[in-house]
Amino acid sequence: MVAYIDRVNVGFAALQMNEDLGLSDAMYGFGAGIFFVGYAMFEVPSNLILARIGPRLWITRIMVTWGALSVAMMWARSPESFYVLRFLLGVAEAGFFPGIIYYLCDWFPQKQRARAVAWFMTAIPMATVIGGPLAGFLLGLDGRGGLAGWQWLFLVEGLPAVILGVVVLFYLDDKPEDARWLRDDEKAWLVREIRSEQARARERHQVGILAALAHPVVWVLGFINLVLQTGSYGLALWVPQIIKGFGGLTNLEVGFIAAVPFAFAAVGMVLIGRSSDRSGERFWHLAVTLFVAALGFAASALVKSPLPALALLTVTAVADLGGRGPFWALPSRFLAGSASAAGIALINTFGAIGGFVGPNIIGVMKGVTDDYTGGLMLLAGIVLMGALAAVWLRRARTLAPRPP
């Protein structure tokens, strides 16, 4: 949750920061998205390092450096310094999310994995549920202590990552074998289950690190993740300004209203992940949520009345984020060990590209048309292509579980 707050708090900071730094809509969209360029460049190497030295040490390193750079965002003084700091923030955080997905695969058997991932990823919408009102409050500190409100925002919201990085160093267990809170028989059962699944994946697919990076299914999953992230970051990094455009709202009110779609999305993620685990079905859960998200983006582009628009943005957020649990349960069906670390990192690298594309689409179209309609319609088309890719993957049956 802290990671996602530090990624998207720039969307709330923009309510004041854009004017102070002289950022146009297109410039803000580029700066918001350039985070993901640095993130994508270092994603695979970072996850391979994590697999080699262990999650505890590497996640600590990631969190402390990204927290420090998030705080450093308060010293941006020009468009150029804004771009550089956002890029470095992406470099620092590279490998965190795929590292956690890789980590969860060592702790949760396949039957429970979509639910586990969904619970973990509720942090994404909850970051806005908590971060939105907090951002509105911090923006209200404008002028206190000689700092602008957006500077207070980066200072206060960046420090928890540094503190939690230290907590990780002392409390995170690398593997089930290291867990002091499990009995010996529980450890033995869990290790046996996970290793058995990994052995079956290796036996069935025989995918090594290089093969994982070139595997067509990894690339299709990467494209689907690109679509997911294009939609979610296009929404998350612009929704405060879209809501501000409703008119007559303070920054604190914008923060509370922006939390509404993501509060519903958190509940939706858990329910959809639970449904996917209970049925054992992944592909249709993913395809249907993407299709609904595409309809939501298109409909919200055409509706101008605030309440219906907010309702449609809520449906869009639930659908776009709801497919994450089923989606991230798919790679471990055919990847294991270092190949899993590499494949998951590559899939998430595609997602980082989507994180760059989404905000830029909205920013460029808003700059050209002075309206959000064109950008939201483009996002709808991109998300629809992801739904079709999920259907194709289902028909290809490459990831279908082996019959007993």
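Which residues have the most contacts inside the largest nonpolar core? They are Met17, Trp66, Phe82, Phe154, Ile224 and Trp328, and that core has 112 residues. A nonpolar core here is a set of buried Ala, Val, Leu, Ile, Met, Phe, Trp, Tyr and Cys residues joined through side-chain atoms within 4.5 Å. Buried means under 20% relative accessible area, with exposed over 50% and partly exposed in between (1.4 Å probe, protein chains only).

Before going on, please note that this is a predicted model, in which local features need pLDDT of at least 70 and side-chain atom pairs count only at pLDDT 80 or more, while totals for chains, interfaces and linings use all residues. Residues are numbered from 1 along each chain as its sequence is written, and side-chain values use heavy atoms, with hydrogens and water left out.

Leaving aside residues up to four places away in sequence, Ile224 touches Leu286, Leu290, Phe327, Gly386, Ala389, Ala390 and Leu393; contact means heavy atoms within 4.5 Å. A second, separate core has six residues, among them Tyr103, Leu182, Leu190 and Ile194.

Now to the aromatic rings. Rings of Phe, Tyr and Trp (its six-membered ring) pair if their centres lie within 6.5 Å; planes under 30 degrees apart count as stacked, over 60 as edge-to-face and the rest as tilted. The count by this rule is 18 aromatic pairs. Phe35 and Tyr39 are stacked because their planes are at 25°, with ring centres 5.7 Å apart. Both residues belong to helix α2 (residues 25-41), four residues apart, about one turn of the helix. Helices (H or I, at least four residues) and strands (E, at least two) are DSSP runs, numbered from the N terminus. Phe35 and Tyr39 are buried. Tyr103 and Trp107 form a tilted pair, so classed because their planes are at 50°, with centres 5.9 Å apart; both are buried too. Ring pairs also link Tyr4, Phe35, Phe36, Tyr39 and Tyr233 into a cluster.

Charges meet rings as well. A charge sits over a ring if NZ of Lys or CZ of Arg is within 6 Å of the ring centre and within 35 degrees of the ring normal.

| Charged residue | Ring | Distance to ring centre |
|---|---|---|
| Arg61 | Trp58 | 4.4 Å |
| Lys366 | Tyr372 | 5.3 Å |
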